[in-house]
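The following note sets out points for a colleague who is reading this structure for the first time.

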Amino acid sequence: MIQPTTAAEAPALAALHASAFPPEEAWSADALVLMLEMPGAYGFWQPGAGLVLARVAADEAEILTIGVAPAARRQGLGAVLLRAALTRALAQGASTMFLEVAADNIAALALYTGLGFTAAGRRRHYYGQGRDALVLRWPAS
Ligand SMILES: CC(C)(COP(=O)(O)OP(=O)(O)OC[C@H]1O[C@@H](n2cnc3c(N)ncnc32)[C@H](O)[C@@H]1OP(=O)(O)O)[C@@H](O)C(=O)NCCC(=O)NCCS
């Protein structure tokens with residue numbers, strides 16, 4: 001079962017983030033607190049399994065991060081978290097959601113496109129080692 005996150009859970013969220021992402025991309029507890037304290041920010045998680053953080057600003061929302069621990073992948077949790085973030089964004093008045101994803105992140109791209117996100121742009125060399133980012137948006141147009 002997923003539940004809303006709070007800044008008080010930042011240490012556990014950071015441990016979970018570190019399990020889902022490579023070391024150079026892991027967010028510290030302090031960074032997660034800063035994210036969660038931004039206006040319009042919110043998150044959901046399943047402790048020990050997966051998390052999503054997102055933010056709404058006026059009629060636009062963005063996914064700040066989403067990750068599922070390796071042992072919990074391919075069981076639908078990523079889709080549940082993304083749907084929850086999108087549903088909350090719509091409830092808060094957003095009509096569009098954006099996210100950035102490495103162009104070579106096959107798993108994440110499959111998750112996003114499966115839920116109706118489509119490519120809206122490309123940021124060249126956005127990530128290290130010359131990797132491009134794709135900007136995806138929901139809905140398609
Ligand atoms: C991307 C990520 C969040 C997906 O989480 P997940 O819980 O495994 O995703 P789900 O089980 O909900 O998968 C939903 C759909 O996404 C696609 N998908 C997920 N993982 C996939 C993979 N490894 N290869 C291909 N398609 C994949 C499938 O279409 C899947 O549906 P299916 O299992 O019915 O075929 C997870 O792989 C992850 O945390 N990766 C590392 C962190 C990361 O890259 N985050 C995104 C940064 S932008």
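How do the residues of the shell around the ligand divide into nonpolar, polar and charged?

1. The ligand shell. In this predicted model, the shell around the ligand divides into 12 nonpolar, 6 polar and 2 charged residues. The ligand is surrounded by 20 residues, and the closest of them are Arg73, Gly78, Ala79, Ala107 and Ala110. Two or more residues of this shell are given by each of strand 4 (60–68), helix 3 (77–91) and helix 4 (106–114). Helix 4 provides the largest share, with 6 residues.

2. Overall architecture. The protein has 4 helices and 7 strands. Along the sequence these elements follow the pattern β-α-α-β-β-β-α-β-α-β-β. Taken along the principal axes, the C-alpha atoms fill a box of roughly 35 × 35 × 30 Å. The radius of gyration is 14 Å, which agrees with the value near 14 Å that a compact globule of 141 residues would have.

3. Packing of helix 1 on helix 2. Two packed helices are described by the angle between their axes and the distance between the axes. Here, helix 1 (residues 10–20) and helix 2 (residues 29–36) pack at an angle of about 110°, and their axes are 8 Å apart. Helix 1 is therefore roughly perpendicular to helix 2, given that angles of 65 to 115 degrees count as such. The crossing in which helix 1 passes helix 2 is right-handed.

4. Residues at the helix contact. Which residues of helix 1 meet helix 2? On the side of helix 1 they are Ala10, Pro11, Leu13 and Ala14, and their counterparts in helix 2 are Ala29, Leu32 and Val33. The residues of this contact divide into 7 nonpolar, no polar and no charged.

5. Backbone features to inspect. Most residues other than glycine have a negative phi, and most peptide bonds are trans. Ala58 has a phi near 55°, a positive value in a residue other than glycine. Ala58 belongs to the loop between strand 3 (50–57) and strand 4. The peptide bond from Trp138 to Pro139 is cis, and its omega is near 0°. Pro139 is placed in the segment after strand 7 (133–138).

Definitions and conventions. Residues numbered from 1 in each chain as written. Predicted model: local features only at pLDDT ≥ 70, side-chain atom pairs only at ≥ 80, totals over all residues. Near = placed C-beta within 6 Å. Nonpolar A, V, L, I, M, F, W, Y, C, P; charged D, E, K, R; others polar. Axes fitted to C-alpha atoms, helices over the stretch in contact; angles between N-to-C directions. Parallel < 35°, antiparallel > 145°, perpendicular 65-115°, else oblique. Left-handed = near helix turned anticlockwise from the far one by under 90°. Contact = placed C-beta atoms within 7 Å. Rg over C-alpha atoms; globule rule 2.2 N^0.38 Å.
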